[in-house]
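Subject: Structure handover

Hi,

Here is the structure I said I would pass on.

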Amino acid sequence: MYRLLLILMSIGSLISCASTSTNNSPAMTPAELQYGDEQILLAQSYYKDDQPEKALALYQQLAKQGHPRAQGELGLIYDIGVLGVSEDNALALDWYNKAAQQNDPQALVNLASFYRMGEFVEKNPDTAISYYKKSINLQFAMANCELGYLYLDEPDYQDLHKAERYFLAGAESKQVSCYLGLAYLYDFDINDQIKAFQWYKLAADSDSAIAQYNIALKYLNGVGTTKNIALGNEYLAIAVEQNFPLAVGYLAQKYDYGWDVAENKLAAVELYHKAAELGDADSQVNLGLMYEKGEHVTQDINTALQLYTLAADQGHPIALNNIAAIYLRGDKVERDLQIALPLFYQAAALGNPNALINLGTMSRLGNGVEQDDKKAFLYYKQAADLGFTPAYFQLGKSYHLGIGTEKNDELALTYLLASTEYDKSAAFYIGIIYSKSPTVTPDFDKAITYFEKAYELGRQDAASYLGWIYETESPAHHDFEKAVYWYQQSLSTPYSCIRLARLYLQGKGVPQNIDKGLALYHEFAKLKKFDIDELLGNLYFFGEVVDQDYQQALFHYEKAVANNQSQAANNLGEMYRLGNGVAKDIDKAISLYQASIEWGGIVSMINLGEIYLNGEGVVVDRDLGISWLTKAAERGQNEAQYLLGQDMIANQQQTAGEQWIKKSAESGNKKAIQYLTEHQ
């Protein structure tokens, strides 16, 4: 920013009638210097009259003759590339050096700027300071301002007291740049808003457009002064008249969002266009977004990209992210990750939270990058640490589900509670944590509140959890009618469907209605892609919510077995093994168990193991029985693990048997847990 101020001030010297000469030059006599000053005025008049060739020729002639001011001005011409010449920093540096050797104060300041910024020379703030001080000793007041900016802005040299001293010295000579320096010092570093306002006001009343813009904001927001919308708008209008880009862009936002004025989108679009042409990056982004979405302008992705690119070239992180997002989605352009990824990384490095979230989601899904939950978590964490609340949900979800980090419901709750206004799923997960978390104290009142909020925001499965709380989970909230109500709100979810089916079959919370209950069983089977006959066979076989009816169970199991359903085959095998509703037939049972195993069943392995170990209708075959138990145990069936362990212990294989029982206990088998408790 300060280098920009320096160049702006220097350009002013090029086109004004003020030309600084010196009496210390050994190269030219006083008469020659005076003549040279007159010729510089002539060159400046050529510039104003749009005769750049004549102006340039005169500057070059005078510079070669050794006139210090002409040398300094020629250095500036090559520095910024005006009067028809291309920017040439080597030539600029050379002419600045020639003028500085003759103690031209403006050249000393410009040369100091090169060393301060490390532009085309090795950065050396100490050298810059010496040049600034030399210019100050030559009574060049503007040098005070530039040295003040160095002490204000250079991290390793920052000294607010020195900055203030030099700014004040320049301010005594009515240097507008020093007024601004003092305003920045008090505004951003010392945080004395009253003094900041006073210096902005001096600069603004001295026709500084940037100060007029800043003083407008002070009045509009009541910072450092009494809020005064009329005066704020007055100063803003003056800055807009001067085509100050930020002022034009801010006025566009006022009309866009209706800040202290009637909302006027057409006026906003017109002003955004003007500000964008003036180089305001924020306006380029805002206008680009309008063209991208087709809001208040005809949708045009190419125009949007052009505007974003102008802002991105200025390092605007939102523009970088938006371009990347367009190419990632392939939104009216060909999808191109080679364009998108570097831009996302660049925006993320600049601290853009949207880019961080985009990279997090890409990493989580493996979209264009290697799938990596840990990287995703780190990106979300960075965005959340920036205070970007939309990232809180992703971070809370990561902690709750243990994705990319260790599961931590306490931390999950902290982030999710801060994000509920942004995401319906945040409220849903909060409800789950308050009702089901093993580490957070249950609070069903809060769970109900957040599940209801999630449902209102469109998360239909939250209604299933509300039904679950009212039906079974919380005795203090037990209410079948409420359970029925919430299950009815979410019949597209399998859980609600099956729970409501059971309530109709039992007549709890609703009048008993077997047909309705069975219809809901059919709907559940469709949603889960389960075999309906296997489900109905289980319903009648176990008789939990309807009267036990082996004939109905037999009817449905036989249909399910015809469809190769393993559980139906196992349960029908049980009926023949025990003689429930059919004549006892161990061979038929064995055949059905074997079919169940063939179709993926594991429990049937236990049943076959027991048959052969116990000699149920067959000759005892210990090896075959143990073989079946082992197969089931190796597949993780905890009852088989427990039975196998017991058999081994009974047959003097204590260590191996206890290992199987331990595995069974780790899987939650209560008999195994009790055994280990009793034998520790």
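Is Asn-103 buried or exposed? Asn-103 is buried, because its relative accessible area is 19% and buried means under 20% (exposed is over 50%, partly exposed is in between, with a 1.4 Å probe and protein chains only). Asn-103 sits in the loop between helix H5 (89-101) and helix H6 (105-117). Its side chain makes a polar contact of 3.4 Å with the side chain of Lys-134. A polar contact here is a pair of N or O atoms within 3.5 Å; within protein, one must be able to donate a hydrogen and the other to accept it, and residues adjacent in sequence count only if both atoms are side-chain atoms.

Some ground rules. This is a predicted model, in which local features need pLDDT of at least 70 and side-chain atom pairs count only at pLDDT 80 or more, while totals for chains, interfaces and linings use all residues. Residues are numbered from 1 along each chain as its sequence is written, and side-chain values use heavy atoms, with hydrogens and water left out. Helices (H or I, at least four residues) and strands (E, at least two) are DSSP runs, numbered from the N terminus.

Gln-193 lies in helix H11 (residues 193-205). Gln-193 counts as buried because its relative accessibility is 17%. The side chains of Gln-193 and Asn-191 are joined by a polar contact of 3.0 Å. Not counting residues up to four places away in sequence, Gln-193 touches Tyr-186, Asp-187, Lys-218, Val-223 and Gly-224. Contact means heavy atoms within 4.5 Å.

Asp-647 belongs to helix H36. With a relative accessible area of 15%, Asp-647 is buried too. Leaving aside neighbours within four places in sequence, Asp-647 is in contact with Arg-622 and Ile-626. Asp-647 and Leu-613 are 34 residues apart in sequence, and their C-alpha atoms are 9.9 Å apart in space.

Helix H19 and its ends

H19 covers residues 337-349, which is 13 residues. From first C-alpha to last, H19 reaches 18 Å, close to the 18 Å expected at 1.5 Å a residue. The expected span is 1.5 Å times one less than the number of residues. The buried residues of H19 are Ala-340, Leu-341, Leu-343, Phe-344, Ala-347 and Ala-348. An α-helix has 3.6 residues a turn, so residues three or four places apart point the same way. Helix H18 (317-329) and helix H20 (353-365) are included in what covers the buried residues of H19.

At the start of H19, a side-chain oxygen of Asp-336 comes to within 3.0 Å of the backbone nitrogen of Gln-338. H19 is followed by Gly-351, which has a positive phi near 85°.

Positive phi outside glycine

Lys-332 is not a glycine, yet its phi is positive at about 65°. Lys-332 is in the loop between H18 and H19. Lys-332 counts as exposed because its relative accessibility is 55%.

Asp-260 is not a glycine either, and has a positive phi of about 65°. Its place is the loop between helix H14 (245-257) and helix H15 (265-277). At 47% relative accessibility, Asp-260 counts as partly exposed.

Helix pairs

Axes are lines fitted to C-alpha atoms, for helices over the stretch in contact, and angles run from 0 to 180 degrees between N-to-C directions.

H36 (residues 638-650) and H37 (residues 654-666) pack at about 160°, with axes 7 Å apart. That makes H36 roughly antiparallel to H37 (under 35 degrees is roughly parallel, over 145 roughly antiparallel, 65 to 115 roughly perpendicular, the rest oblique). The crossing is left-handed: the near helix is turned anticlockwise from the far one by less than a right angle, whereas clockwise would be right-handed. Among the residues that meet are Tyr-642, Leu-644 and Ile-649 in H36 and Trp-660 and Ile-661 in H37.

The axes of H30 (residues 532-542) and H32 (residues 566-578) come within 9 Å and cross at roughly 30°. H30 and H32 are therefore roughly parallel to each other. H30 passes H32 in a left-handed crossing. The residues that meet include Phe-541 and Phe-542 in H30 and Asn-571 and Met-575 in H32.

Best regards
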